[in-house]
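Biologist: Please put the model up, and then we can go through it by question and answer.

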Amino acid sequence: MQVFVEYYGHLRRAAGCSAESLEVATATPEGVLDAVCEKHTTIGAARDSIAVAVGDSLVAPSAIIDEGATVALLPPVAGG
Amino acid sequence: MSEGSERWVTEDVLSLDALLQETEDPACGALAVFGGAVRNYNDGRSVSGMRYEAHTAMAARVLREVEEEMLARFDIARARIIHRVGSLKLGEMSVYVVVRAGHRGPAFDAGRWGIDELKRRVPVWKEEFYVEGDSEFVPGVPLKQPPIGDESSFADNNTTKES
């Protein structure tokens, strides 16, 4: 299934784009991260520090993601 | 920017005067303001500017929640937080936390708590530009993901309770 992945912070630089459509085998945040890390191998090292959001909320690694959903990958935050 | 989010996250130059006017309260004898500005150095390097980006919808929601939690946790009357995004020059303000209270103690405490929570919970990132022409993203704090098995969203669970 396809999802629309948004990259923030240093992940955007690592992915080479701010967003893209990706085919994922498993419709969960873990499945999205699997697909992202397979395509962008440099993101793999940071995987454990990435939070996943759908809409304006974080979602659990096992949450079900809908077909076509926009999934945001959020690296460690540094506001202020 | 999503509709309404600009109350908390904005590309515009921040106006402290507007926040002070918005929070005016004749019952408050104390006003505490924290402001964050772009500094000209970091980690031994000379900084020429900063670019802030946010997950706007989530950042606005979390900032609104932090304001509400400040009002619930501390004996204060007003709390406002606003964060700027985009490219900022040296010395420009990136964030304000404004608190009004009857007395200075809770005003200071709430302001400190508010900016600490912002740094821990709000999805904002900063890319630091150096005088040599290169740039780096400033290392940050990982957001707390909901536990495995929790299939609900995680709108509020990043909150910690004060002891």
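**The interface and chain B**

Modeller: Between chain B and chain A the rule finds 3 salt bridges, a salt bridge being a side-chain nitrogen of Lys or Arg within 4 Å of a carboxyl oxygen of Asp or Glu. This is a predicted model, in which local features need pLDDT of at least 70, side-chain atom pairs count only at pLDDT 80 or more, and totals for chains, interfaces and linings use all residues. Residues are numbered from 1 along each chain as its sequence is written, chains are lettered from A and ligands numbered from 1 in the order in which they are written, and side-chain values use heavy atoms, with hydrogens and water left out.

Biologist: How much area do chain B and chain A bury between them?

Modeller: Buried area is the accessible area (1.4 Å probe) that two parts lose on being put together, summed over both. Of the area buried here, 58% is on carbon and sulfur atoms. The total is about 2,600 Å².

Biologist: Which three residues supply more of the area that chain B buries against chain A than any other three?

Modeller: In contact terms (heavy atoms within 4.5 Å), 42 residues of chain B meet 28 residues of chain A. Three of chain B's residues supply 24% of the area that it buries there. They are B:His55, B:Trp125 and B:Gln145.

Biologist: What is the order of elements in chain B from the N terminus on?

Modeller: Helices (H or I, at least four residues) and strands (E, at least two) are DSSP runs, numbered from the N terminus. Chain B has 3 helices and 9 strands. Their order is β-α-β-β-β-α-β-β-β-α-β-β.

Biologist: Is B:Asp43 buried or exposed?

Modeller: B:Asp43 lies in the loop between β3 (41–42) and β4 (45–54) of chain B, and has a positive phi of about 55 degrees although it is not a glycine. Buried means under 20% relative accessible area, exposed over 50%, partly exposed in between (1.4 Å probe, protein chains only). Because its relative accessibility is 74%, B:Asp43 counts as exposed.

Biologist: Where in chain B is the pLDDT below 50?

Modeller: The predictor's confidence in each residue, pLDDT, runs from 0 to 100. Chain B has a mean of 92, with 88% of its residues at 70 or more. The stretch below 50 has 12 contacts beyond near neighbours in sequence, and it covers residues 159–163.
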